[in-house]
Amino acid sequence: MQVIDPSIALEGTTPIEEERVRPVTRRTGADRAFRLTTFGAGTLTLVLMGVIGLFLLVRSWSAISAAGLSFFTTSAWQPDGGAFGIAAVLLGTFLIAFVALGFAVPLAAGGALFITDYAPSKIKTPLVWLVDLLAAVPSLIYGLWGRAYLQPKIIPISEWISTHLGFIPFLKAKPGAGFAASTFIAGVVVALMVLPICTAVMREVFSQAPAGEKEGALALGGTRWGVVRDVVLPFGRGGMVGASMLGLGRALGETIAVTLIISPTFDITRLTHPLETGGNSIASLIALRFSESSSFGISALMAAGLALFVITLLVNAVASLVVSRSRSGASTEI
Amino acid sequence: MTTIEHEVLDLNNPAPELPPSSSLTARGVSAWFGDHKVLERVNLDMPAGEVTALIGPSGCGKSTFLRILNRMHELVPSATLSGTIALDGDDIYRGDIPVTEMRRRIGMVFQKPNPFPAMTVSENVIAGLKLSGVKATKSDRRDLVESCLQRAGLWNEVKNRLGAAGGALSGGQQQRLCIARALAVKPSVLLMDEPCSALDPTSTRRIEETIAEIAHEVTIVIVTHNMQQAHRVSNTAAFFLAGEGEPGHIVESGDTETLFTNPADPRTLDYVNGRFG
């Protein structure tokens, strides 16, 4: 048998590249119009995001260039006096958000599990409505209700915690300190506001727990709780983290309810005692100061806004990353 | 009623501490999904220590009947039923035995292998203990894992990867892992819903060997579409059939050999010879 060496056969010629086919799709006019519309809508969203970021950056530039890195280390807020920074308000923002998540995440997980795995089918739909309806209440109403109704009810609880769990340093109140208008109370109210989104995402995730595995657990003599513990929760872990991060994103930006409740403070020691009177957040700082600031003061507030914008973007980006990488999140959109 | 004689007399029983297998008796069992009746007055004895095969074309109610035997049927929201199912004489639907206890005694292997993917091979085997709150020492658990995997015919393949994820095994191995998991809670009955339908011939043969090995220690009820399989593995068989728009019922049941070679009803003969269905 004769073996043909391709290199000999092709001697003197350059090897011919195979031409790859580029599939041609003819689009109809309607198809083209639809593509253009959806492409436009999608792009517009991204452009808007960019424009907002750019706007904040431009408007805050004079303050940022004046303050430099001290913007992140200064806790006072006196732009016209030259000393201003987000150290205190940023801390306050996160403290309120963490208190909120501390209440909202377990409640949301319990509520979502009840809806997906325990509730009789008759009350499932009304329950879903009710939880979603919580999201429809304006935040101003939450703020008013939190201040007028909830606060007097929470103060005794704060006192009790401070007395009985005071051995944990940050829970111990200074003698004579008040418990009204605190980070803790603001956090409880914000918890109610992030509850619907957390519950909705977790419910969605839990409801996708594979029926085959649930039946497998039941067929082994498992109780409902056993099924939840061994099948639903392991399946939903990623989705729960994602839901919490989404809630965090919301809690960080919550403005009016927090503004109505807290008594603003820039004192780090007071901020780190969440049960005591006094709290702060970036959003409520901007809301409170905006109408009474000089043009430089407004630039400083824009810088604070930029910080909040970047942080919430990051939190949400991490949330979607976590959710999409987990088994339960792969099919869940947030 | 059936006795447990062959259990006691079986000298080859490798695990004498196992509970004796139980009999299941169905009397007048009808089933509905909403208003749609899928099963009509089924009577069937599933004797202790024997393999009972449920055969018949798709949609004739075999799987529904199987799921009625351990109260999985009621997990479908609109599902209802009538009649009685007795486990060694105790009615499982009327509170004689708590449902979790009953499901522990009547294990189930599903059509699609469903190991717990987040658990390791060992954890999968002992998942039933955790689910039913049974405490066991570390060495007991290790012994149980080994003996159950042995009985399910999987031990040699996984003994060096007990810490691997249950989902990382092949389909046939996953199904045998599910059998091991079901055996670990020491059931006296094992229900198998087309356990080989998703598997290749080699894995199928392996599972049939497993069935033959455990048949003397646990009563088996198996749904299968594979006539040869039903013929090979079972002692008793029941032929289900559903007429056009009618609920399924049992055409005839009894000794497998008779049912396959000399059935009383011509439809049975046609079906087991592959002339319809």
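This is a predicted model: local features need pLDDT of at least 70, side-chain atom pairs count only at pLDDT 80 or more; totals for chains, interfaces and linings use all residues.
**Entry 1: overall form of chain A**

I began with the secondary structure of chain A and found 13 helices and 2 strands. I then looked up its radius of gyration, which is 27 Å and thus well over the 20 Å that the globule rule gives for 334 residues, so chain A is more spread out than a compact globule. Along the principal axes, the C-alpha trace of chain A spans about 105 × 65 × 45 Å. I noted that 42% of the 334 residues of chain A count as buried, and that 68% of its accessible surface of about 18200 Å² belongs to carbon and sulfur atoms. For contacts in chain A with a separation of 6 or more, I found that 74% are accounted for by residues 24 or more positions apart. The 23 positive and 19 negative charges of chain A have mean positions that lie 9 Å apart.

I next asked how many residues of helix H8 (residues 211–219) of chain A are buried. The count is 7 of the 9, so the helix is largely enclosed by the rest of the structure. The buried residues of H8(A) are A:Glu213, A:Lys214, A:Glu215, A:Gly216, A:Ala217, A:Leu218 and A:Ala219. I also checked the backbone just after H8(A), where A:Gly221 takes a positive phi of about 95°.

My other stop in this chain was A:Thr116, which I located in helix H4 (residues 87–118) of chain A. Is A:Thr116 buried or exposed? Its relative accessibility is 15%, and because buried means under 20%, A:Thr116 counts as buried. Leaving aside residues up to four places away in sequence, I found that A:Thr116 touches A:Lys124, A:Arg203, A:Phe206 and A:Ser207.

**Entry 2: overall form of chain B**

For the charges of chain B, the mean positions of the 27 positive and 33 negative ones are 8 Å apart.

**Entry 3: strand pairing in chain B**

I followed strand E1 (residues 24–33) of chain B to its antiparallel pairing with strand E2 (residues 36–46) of chain B, where 7 bridges join the two. B:Phe33 stands opposite B:His36 in E2(B), and in this hairpin, with 2 residues between the strands, B:Gly34 takes a positive phi near 60°. E1(B) also runs antiparallel to strand E4 (residues 79–87) of chain B, to which 8 bridges join it; there I noted B:Ile85 in E4(B) as the bridge partner of B:Ala26.

Further along, strand E9 (residues 236–242) and strand E10 (residues 248–255) of chain B pair in the antiparallel sense over 7 bridges. Which residue of E10(B) stands opposite B:Leu241? I found B:His249 in that place. The hairpin of E9(B) and E10(B) has 5 residues between the strands, and B:Gly245 in the turn has a positive phi of about 70°.

Terms used: Residues are numbered from 1 along each chain as its sequence is written. Chains are lettered from A and ligands numbered from 1 in the order in which they are written. Side-chain values use heavy atoms; hydrogens and water are left out. Two strands pair if DSSP finds at least two bridges between them. Helices (H or I, at least four residues) and strands (E, at least two) are DSSP runs, numbered from the N terminus. Buried means under 20% relative accessible area, exposed over 50%, partly exposed in between (1.4 Å probe, protein chains only). The radius of gyration is taken over C-alpha atoms; the globule rule is 2.2 Å times the number of residues to the power 0.38. Contact means heavy atoms within 4.5 Å. Accessible areas come from the Shrake-Rupley method with a 1.4 Å probe; for residues, only the protein chains shown count as cover. Lys and Arg count as positive and Asp and Glu as negative; His and the chain ends are not counted. The place of a charge is taken as NZ of Lys, CZ of Arg, CG of Asp or CD of Glu.
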